[in-house]
Amino acid sequence: MHQALYRKWRPATFDEVCGQDHITSILKYEIDNSKFSHAYLFCGSRGTGKTTCAKILAKAVNCLSPVNGNPCGRCEACLSVEAGTATDVLEMDAASNNGVDNIRDIRDEVVYAPSSLKYRVYIIDEVHMLSASAFNALLKTLEEPPEHVVFILATTELHKLPATIISRCQRFDFRRIATEVLKNRLMYIASKEGIDLCEDAAILLAKQAQGGMRDAISLLELCAGSREKITAELVNITVGSSGREEMLRVAEAVCDKDYETVFASVNEVVQSSRDITVFWQDLISVYRDLLIIKTSKNAADYLDLTDSEIKAMGELAQKFSREQLSYHCSMLEDALFSMLKANSIRRIVAELTLVKMCDMSLSTTNDALLARMSALENKVAGVEFSAVSQDKKQDPAAKKPKRTVAVNDDDEMFKSDIPVAVKKPTATAGTVRILKPIKSRAEALDKLTDSNSMVASFYKVAKWYIDEGGKIILKFPDKYSAQNAKLFDSKGDFARIISSVLCNSYAPNDIEYESEDVKRQTSVIDEILDAANQE
C-alpha cells in the first residue's frame, strides 16, 4: 500500500524536527539528564510537529540507549513504539473520545506498572475537545501521577483548556515553520523521491502551507501526481491559487477604478473553475502586506517577500491612504464570511464588493466615510492654485484680480509661499502646480535624527511636499532656515533617508529648498476661498 509522503518523511529523532529548535533542545537535555517532566503540553497550529515530537518523546523516555537525548531507533523499545505495537504507549484522540468515562479508564489504568517498557506514556491529541467533566476527572491524576507514567497533551486551541490543566503541565509552544525552512525541506524530499521541483515552486508551496510542514509535504505530493516538472505555474493551477502579480493587478485596478480589469479577473477565476474563496484569500493577503508597508517602519521584518516584491508592493502602497486600506480590508473580510455562507452567489459577492471598493461613495459605513475624508484632505492640502491664463476672458468688475508674489531671478532656490499664485518670468501662464504632502515625514525624521540629530533639527521646521514632477519640495519658514538645512547637510543624509522611506531614488538635485513669505498672513482656507471667488 502506498504511504503518504508526510508519513514516510516523519522525523524519527529530535534532530530531524525542522523549525522547532527552541523545543527540541530542551527535550533533548531533559532526556539526556533523566530530568523529564511527568506531564507535557504541546500547543500550536496544525502541522508544526506536536504529535511527531510526542511520539519521539515516548520513544526517548523508554529508549535503552539514548544518543544525546535522541532515541537510538534500534533497541527493542524504540522499534516497538515506532511500529505501534507497544502496549505501554497509548495514543488517544480526544475529538472522538472526549467523555468522562474515557478519562476514568485512564485513571484506573495508571496504577499498574508498565508491561514491557520503563514508562507508560499517554498521548492525548486535541485535548481541548474533552468535556468539562472529563477535565475534572483528569486533574488529580495529571497533578500527581505514579512515577512510571508520563502524560503528553497536544492541542491547537490552547485558550479552550482550563487554567488548572495548563498549570500542571510543562508547556511548549510550537511556532509556525519559516518559509525558508519549509522550502529547504521540500527540496530535500523532492531530491530523494526523484521529483523535479523548481525552487520558485518550492517557495510557493511553502507559502501556501502557512507554516505547516505536513501541509507543505502534502501539497508537494499533490503536485507530483501530474508527473511533470513542478513549476510555480503548475502549483498555482493545482492548488487553485492566483499569482501575486495577478493580485497586485487587481489591487491596482481597484485603486484606479478600472472596472474592466476587476470584472475580467473575477471572470477568469470562475471560467477556470478555481475556488473563488482561495482567490479572495490571496487578495486579502496582498492587502495585509500593503497595510503593513503603509503603517510599519520595519515592514520587511513582517513580510515573507523578496526585495523585488517588497519594492513593487511599496510603489503600489503609495497610491493608497491608510484609511483606504483599512476600509478595503474590512470589506474583504466581510465578503469572505458571506462567501463561506452562500456558495451559489460567491461570484456576485466578489464583484459587488470590488465595485464598492473602487467607488467609496457607494458605501455609507464609517470606514468608507473616513477613507473619503482622508482622500478629500489630501486633495485640499496638495493643490496649489495658479494665475489664470492671460487669454481667459473675465469681467474685471465682477471678479477680483489674482494676487501674485514676484520671485527674483537671482534667487531661484527660494520661491513664494503656497498656495499663493506664483509668477515667474520663465513660467507658462495658466499652469497649475500640485504639491502633495509627504505622509512619511515622521518616519523619515526619526531615521534622520538617528543618523544626524543636528541636521534633523533644521528639517523639522520645514513642510515636506512632492510636486507633479516628482521632486521633493521643502518649505521653510524663512530663508535662513532653508540655507542652514542645505549647508549642514553636506553629506546628503536627507536625500539618502527620504529615498529609503519613499522607495525611490532621490539625488540632492531632486530636492528644492524654498522659503515661505512671512509677510503674508493668510491661511490655506483663505486662499481656497479667494480661488473660488475668481472662478
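Over the ring of which residue does the charged end of Arg 441 sit? I looked this up first, and found the charged end of Arg 441 over the ring of Trp 464, 5.3 Å from its centre. The rule I used is that NZ of Lys or CZ of Arg must be within 6 Å of the ring centre and within 35 degrees of the ring normal.

**Basis of the entries**

I am working from a predicted model, in which local features need pLDDT of at least 70 and side-chain atom pairs count only at pLDDT 80 or more, while totals for chains, interfaces and linings use all residues. I number residues from 1 along each chain as its sequence is written, and side-chain values use heavy atoms, with hydrogens and water left out.

**Aromatic pairs**

I next turned to the rings of Phe, Tyr and Trp (its six-membered ring), which pair if their centres lie within 6.5 Å, with planes under 30 degrees apart counted as stacked, over 60 as edge-to-face and the rest as tilted. By this rule I have 14 aromatic pairs. One of them joins Trp 9 and Tyr 188 edge-to-face, with 5.8 Å from centre to centre and 80° between the planes. I placed Trp 9 in the loop between helix H1 (5-8) and helix H2 (21-32), and Tyr 188 in helix H8 (residues 179-193), so that this pair links distant parts of the chain, 179 residues apart. Helices (H or I, at least four residues) and strands (E, at least two) are DSSP runs, numbered from the N terminus.

For burial I took under 20% relative accessible area as buried, over 50% as exposed and anything in between as partly exposed (1.4 Å probe, protein chains only). Trp 9 counts as buried at 18% relative accessibility, whereas Tyr 188 counts as partly exposed at 38%.

**Salt bridges**

Here I required a side-chain nitrogen of Lys or Arg within 4 Å of a carboxyl oxygen of Asp or Glu. My search of the whole structure gave 22 salt bridges.

Glu 514 pairs with Lys 475, with 2.4 Å between the closest N and O atoms. This pair links distant parts of the chain, for Glu 514 is in strand E12 and Lys 475 in strand E11 (residues 472-476), 39 residues apart. Which class do I give Glu 514, buried or exposed? Glu 514 counts as buried at 0% relative accessibility, and Lys 475 is buried too, with a relative accessible area of 1%.

I found Asp 446 in a salt bridge with Lys 297, the closest N and O atoms again being 2.4 Å apart. Asp 446 lies in helix H19 (residues 441-451) and Lys 297 in the loop between helix H14 (276-295) and helix H15 (307-317), so the pair ties together parts that are 149 residues apart in sequence. I have Asp 446 as partly exposed at 36% relative accessibility, and Lys 297 as partly exposed at 46%.

Glu 82 and Lys 59 form a further salt bridge, in which the closest N and O atoms are 2.8 Å apart.

**Cysteines**

How many disulfides does the structure hold? I found zero, taking a disulfide to be a pair of cysteine sulfur atoms within 2.5 Å. Cys 72 is in no disulfide, and its nearest cysteine sulfur, that of Cys 63, is 3.4 Å away; Cys 72 counts as buried at 13% relative accessibility. Cys 78 is likewise in no disulfide, with the sulfur of Cys 75 as the nearest, 3.4 Å away, and Cys 78 counts as buried at 1% relative accessibility.
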